[in-house]
Amino acid sequence: MHTEEKPHACDICGKLFSVKRNLMVHYRTHTKEKPHSCDVCGKAFSDKSNLMVHYRTHTKEKPHSCDVCGKAFSVKSSLMEHYRTHTKEKPHSCGVCGKAFSIKSNLIRHYRIHSKEEPHSSSKC
């Protein structure tokens with residue numbers, strides 16, 4: 001894991017993993033197997049850790065808090081994205097026009113400007 005070596009390859013898509021368990025969980029993306037289900041709402045997940053994160057939507061638990069402003073988050077990755085509001089870091093930049101974004105999903109949405117894609121358009125309108 002610490003050597004960045006990834007000896008475990010998915011024989012379906014070729015994606016590489018450093019830990020065999022991660023490969024085994026990855027296989028579920030191909031098989032659509034979701035063995036872990038929420039006892040509150042029944043939603044199912046392929047990985048137990050994703051179930052645990054989901055469970056916080058019911059408990060409203062937010063264990064990850066910003067040491068700058070105190071805002072709390074249920075998911076650590078959301079806290080990491082939030083930190084960028086303080087640092088002004090924008091690591092995701094457009095390969096077409098160079099505009100930068102702090103959150104990757106905002107860059108993906110931005111790309112639609114260049115591709116003229118309208119993902120929410122309707123043939124009825």
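Helices and strands are here the runs assigned by DSSP, a helix having at least four residues and a strand at least two, numbered from the N terminus. The structure open in the viewer is a predicted model.

**First stop: the annotated domains.** Select residues 8-35, 36-63, 64-91 and 92-119; an unreviewed UniProt entry places the feature "domain: C2H2-type" at these positions. Now keep residues 36-63 highlighted. This stretch is 43% helix and 14% strand, with 22 Å between its end C-alpha atoms. Move on to residues 64-91, where the chain is again 43% helix and 14% strand, and where the end C-alpha atoms are 22 Å apart.

**Second stop: Ser46.** Select Ser46, in the loop that joins strand 4 (44-45) to helix 2 (48-59). Is Ser46 buried or exposed? Its relative accessibility is 19%, and buried means under 20%, so Ser46 counts as buried. Next, display the residues around Ser46. Apart from neighbours within four places in sequence, Ser46 is in contact with Val25, Arg28, Glu33, Lys34, Pro35 and His36.

How many disulfides does a search of the whole structure find? The search finds zero. Select Cys38 and Cys41 to examine one case: the sulfur of Cys41 is the nearest cysteine sulfur to Cys38, at 3.8 Å, and Cys38 is in no disulfide. A disulfide would need the two sulfur atoms within 2.5 Å. Cys38 counts as buried because its relative accessibility is 4%. Then select Cys94 and Cys97. Cys94 is likewise in no disulfide, and its nearest cysteine sulfur, belonging to Cys97, is 3.8 Å away. With a relative accessibility of 5%, Cys94 also counts as buried.

Select Lys60, located in the loop between helix 2 and strand 5 (64-65). Although Lys60 is not a glycine, it has a positive phi of about 65°. Its relative accessibility of 61% places Lys60 among the exposed residues. Proceed to Lys88, in the loop between helix 3 (76-87) and strand 7 (92-93). Lys88, which is not a glycine either, has a positive phi of about 65°, and at 63% relative accessibility it counts as exposed.

**Final stop: helix 4.** Select residues 104-115, the 12 residues of helix 4.

How values were computed: Residues numbered from 1 in each chain as written. Predicted model: local features only at pLDDT ≥ 70, side-chain atom pairs only at ≥ 80, totals over all residues. Heavy atoms only, no water. Expected span 1.5 Å × (residues − 1). Buried < 20%, exposed > 50% of the residue type's maximum accessible area, 1.4 Å probe, protein only. Contact = heavy atoms within 4.5 Å. UniProt positions renumbered as here; feature names shortened; annotations may be inferred.
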